[in-house]
Amino acid sequence: GQTTAAQQEAVEDSSHNGLTGAAYSSRYKSILAKRRDLPVNKQRQGFLDLVHNNQFVVLVGETGSGKTTQIPQYMVYDLLPQVEGKMIACTQPRRVAAMSVAQRVSEEMDVKLGQEVGYSIRFEDCTSSKTVLKYCTDGMLLREAMSDNMLSRYSAIILDEAHERTLNTDILMSLMKTIALKRKDIKIVVMSATLDSEKFQKYFYDAPLLTVPGRTFPVEVYYTPEPERDYLEAAIKTALQIHATEPEGDILVFLTGEEEIEEACRLLSARGDELIRRANCGPLLIVPLYSTLPPNMQQRIFHKAPEPRTPGGAPGRKIVVSTNVAETSLTIDGIVYVIDPGFSKQKVYNPRVRVESLLVSPISRAAAQQRAGRAGRTRPGKCFRLYTEKSYNNDLIEQTYPEILRSNLGSIVLQLKKLGVNDLVHLDLMDPCAPEVLMRALELLHYLGALDDDANLTPIGHMISDFPIDPQLAKMIISAADYGCTNEVLSIAAMLSVPNVFLRPREAQRRADQAKAEFAHMDGDHLTLLNVYHAYKGCTQPDKWCWDNYLQYRSLKSADSIREQLRRVAAKCDIPLVSNNFSSPDYYPNIRRALTAGYFMQVAHLERGGQYLTIKDNQLVLLHPSSVLERKPEWVVYNEFVLTKRHYIRTVSEVRPEWLLEIAPHYYDLSSFPPCEGKRVLEKLALRNAVVGDKKPKKDRSEK
Ligand code: ADP
Ligand code: MG
């Protein structure tokens with residue numbers, strides 16, 4: 001039905017919850033009063049008029065104006081998913097945002113999280129048959145579209161944070177255009193903080209634009225006179241200085257990732273304690289925020305700053321240390337000071353050498369402005385940029401490039417194939433992807449056996465696309481069946497899908513390294529991860545055991561749950577779940593053969609100079625210092641290429657050159673190889689094989 005804003009408000013003001021039938025709580029009523037004050041609420045009727053008369057609506061509004069929390073609720077009142085049986089989805093580029101917002105909206109609607117309002121992120125589905133409003137990552141909705149091409153379970157799709165231009169959102173936008181042509185009943189709202197709204201309007205067939213004016217206060221911006229050598233240190237110093245000298249108000253510090261953020265929080269709390277003692281400052285609440293933080297820890301960003309230690313004493317302060325999720329996705333009220341070192345982790349992809357990596361890179365001017373804006377939410381604020389004004393003007397680019405231009409497209413191309421989108425070049429994208437990048441993706445999938453010579457999905461390709469992980473990792477699991485070790489390889493795949501399990505606190509590095517050495521496997525890091533997983537499964541008090549062994553309990557717990565999910569996908573694909581006999585000499589080699597079957601395109605050869613050269617791409621790389629490999633095996637397979645000042649390969653295991661020829665002969669076709677020492681070794685091997693005849697070494701499959 002088509003509701004008016006007045007009708008919606010009347011429903012909100014009633015005594016009972018229309019979704020559950022229960023009487024509204026007093027908490028509900030107090031939150032409702034705050035919601036009524038949000039800028040989007042002032043435009044509710046205008047918004048409803050637009051969605052009633054248009055299939056696509058573009059909505060731009062300042063961060064904190066109520067887009068993400070309110071607009072989906074207006075759609076619920078309008079489309080009545082509980083009656084019509086079709087849900088409303090709101091996508092987020094980041095998992096933390098999806099979880100946190102779903103939590104908030106469940107409180108606003110006075111329902112239990114996971115019931116009427118839920119969220120869905122990779123490896124975690126918190127929804128039920130009652131769910132009417134679902135927050136999900138853009139990647140999850142895309143995955144759903146693979147099995148339900150018309151997204152027939154939904155009556156409205158809200159694409160949020162569109163200005164971020166993530167790969168998944170770009171693809172979803174294109175998909176929504178196709179779906180909208182066939183489904184006149186579906187509504188699509190595209191929302192963002194700031195954006196080139198004209199470009200979006202034009203892309204969506206001249207969709208109307210609703211602008212929600214924000215309520216912001218002026219923010220004074222300060223620059224450092226000289227470039228900072230160590231931005232982490234500078235950020236900590238600045239935060240403590242603010243605490244010591246500036247009036248009341250919370251601080252938001254932008255850093256790039258989990259390890260850095262945890263480190264900053266430790267240092268802040270140690271030095272903060274000293275400051276409080278020495279200078280009689282108020283107490284501090286220091287809160288980290290990053291994507292892998294468990295939900296209850298994420299909620300701490302909304303806690304109030306601590307009270308003064310004595311009545312009338314120096315005020316307490318909250319310091320939130322966050323990734324750029326706090327840039328536009330989450331609004332933390334009460335922030336008055338922002339510290340912006342000018343960096344974030346960004347995906348970079350070099351198709352020439354097929355390397356995708358997360359790199360700490362300078363942010364754009366648009367992002368810097370967003371960050372500064374976070375200081376002016378509740379009253380005038382200050383933003384401290386830890387770079388020079390000259391650098392802001394000359395070095396920062398205006399806008400970050402869309403992710404589609406700097407990603408490996410392997411996984412997305414496979415998903416699109418599954419969706420039946422064959423002609424990728426002519427996919428109607430807001431910014432077309434580079435032909436070379438597309439070619440690399442098709443090449444990868446072809447080598448993996450996911451696409452045949454005509455670029456059609458093969459049965460293996462179908463299986464690979466069923467796994468919510470990188471195609472190579474999926475191929476590794478599927479191939480493990482040939483080597484009788486799916487059980488072990490599933491565990492390794494799960495361990496590769498969680499944040500680093502090994503802790504190495506600064507003050508206990510030696511002890512941490514010793515603890516890790518207990519798990520080390522001489523053949524490399526993958527089998528070391530397997531050892532850790534097995535030991536974890538065998539211990540009686542997992543949390544204490546992890547603590548004692550310098551392992552991240554949270555990561556291991558999540559590896560366990562991911563393993564179960566991957567196991568279910570494998571079972572669905574009829575992949576036998578098997579292990580070799582542990583006493584067989586081929587127990588470990590077979591696992592490494594399976595690794596090779598997935599990652600034969602990520603192999604490096606030790607050159608005489610003592611450095612590794614990646615095969616075919618000829619990149620000089622070093623073993624990452626975290627590797628358990630002390631000797632340098634001649635041939636290694638690696639999981640990750642780390643781009644820093646030097647190039648490293650991380651999570652590395654030894655492989656045999658004859659496996660390369662045997663397992664991936666199409667890739668190790670030596671006629672197409674650039675010259676390198678590794679090539680000569682392989683040529684000799686190939687020659688010997690040819691002389692001996694085509695007698696390939698028999699795999700040990702007797703114990704299956
Ligand atoms: P937008 O999407 O436009 O940036 P949101 O809908 O995310 O805005 O947030 C609107 C307002 O809701 C915020 O200004 C904040 O006051 C409030 N809010 C959102 N999440 C929470 C939360 N978890 N706890 C308390 N308040 C919240
Ligand atoms: Mg939002």
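Colleague: Where in the chain is the place of Leu405?

Modeller: Leu405 sits in the loop between helix 16 (389–394) and helix 17 (410–419). Keep in mind that this is a predicted model.

Colleague: Is Leu405 buried or exposed, or something in between?

Modeller: Buried means under 20% relative accessible area and exposed means over 50%. Leu405 has a relative accessible area of 36%, so it counts as partly exposed. Together with Ile397 and Tyr401, Leu405 forms a nonpolar patch on the surface. The accessible area of the three together is about 290 Å².

Colleague: Which UniProt annotation covers residues 235–420?

Modeller: The record, an unreviewed entry, carries the annotation "domain: Helicase C-terminal" for that range. Over residues 235–420 the chain is 35% helix and 24% strand.

Colleague: Which residues of helix 23 are buried, and what do they pack against?

Modeller: The buried residues include Leu527, Leu529, Leu530, Val532, Tyr533 and Tyr536. Asp525 and His526 are also among them. The buried residues of helix 23 pack against helix 21 (486–496), helix 24 (542–548), helix 25 (553–572) and helix 26 (587–599), as well as strand 20 (635–643) and strand 21 (647–654).

Colleague: How many salt bridges does a search of the whole structure find?

Modeller: The search finds 40 salt bridges. A pair counts when a side-chain nitrogen of Lys or Arg is within 4 Å of a carboxyl oxygen of Asp or Glu. Arg35 and Glu12 make one such pair, at 3.3 Å from N to O. This pair links distant parts of the chain, with Arg35 in helix 2 (residues 26–36) and Glu12 in helix 1 (residues 5–13), 23 residues apart. Both Arg35 and Glu12 are buried.

Colleague: What about Arg183 and Asp185?

Modeller: Their closest N and O atoms are 2.9 Å apart, in a salt bridge. Arg183 is buried, because its relative accessible area is 8%, whereas Asp185 is partly exposed at 43%.

Colleague: And which separation do Arg567 and Glu564 have in helix 25?

Modeller: They are 3 residues apart, so about one helical turn separates them. Their side chains meet in a salt bridge at 3.0 Å, N to O. Arg567 is partly exposed, with a relative accessible area of 27%, and Glu564 is partly exposed as well, at 29%.

Definitions and conventions. Residues numbered from 1 in each chain as written. Chains lettered and ligands numbered in written order. Predicted model: local features only at pLDDT ≥ 70, side-chain atom pairs only at ≥ 80, totals over all residues. Heavy atoms only, no water. Patch = residues over 30% accessible without salt bridge, like charges linked within 9 Å, V, L, I, M, F, W, Y side chains within 5 Å. Areas by Shrake-Rupley, 256 points an atom, 1.4 Å probe, with all protein chains shown as cover. Helix = DSSP H or I, 4+ residues; strand = E, 2+ residues; numbered from the N terminus. Buried < 20%, exposed > 50% of the residue type's maximum accessible area, 1.4 Å probe, protein only. UniProt positions renumbered as here; feature names shortened; annotations may be inferred. Contact = heavy atoms within 4.5 Å.
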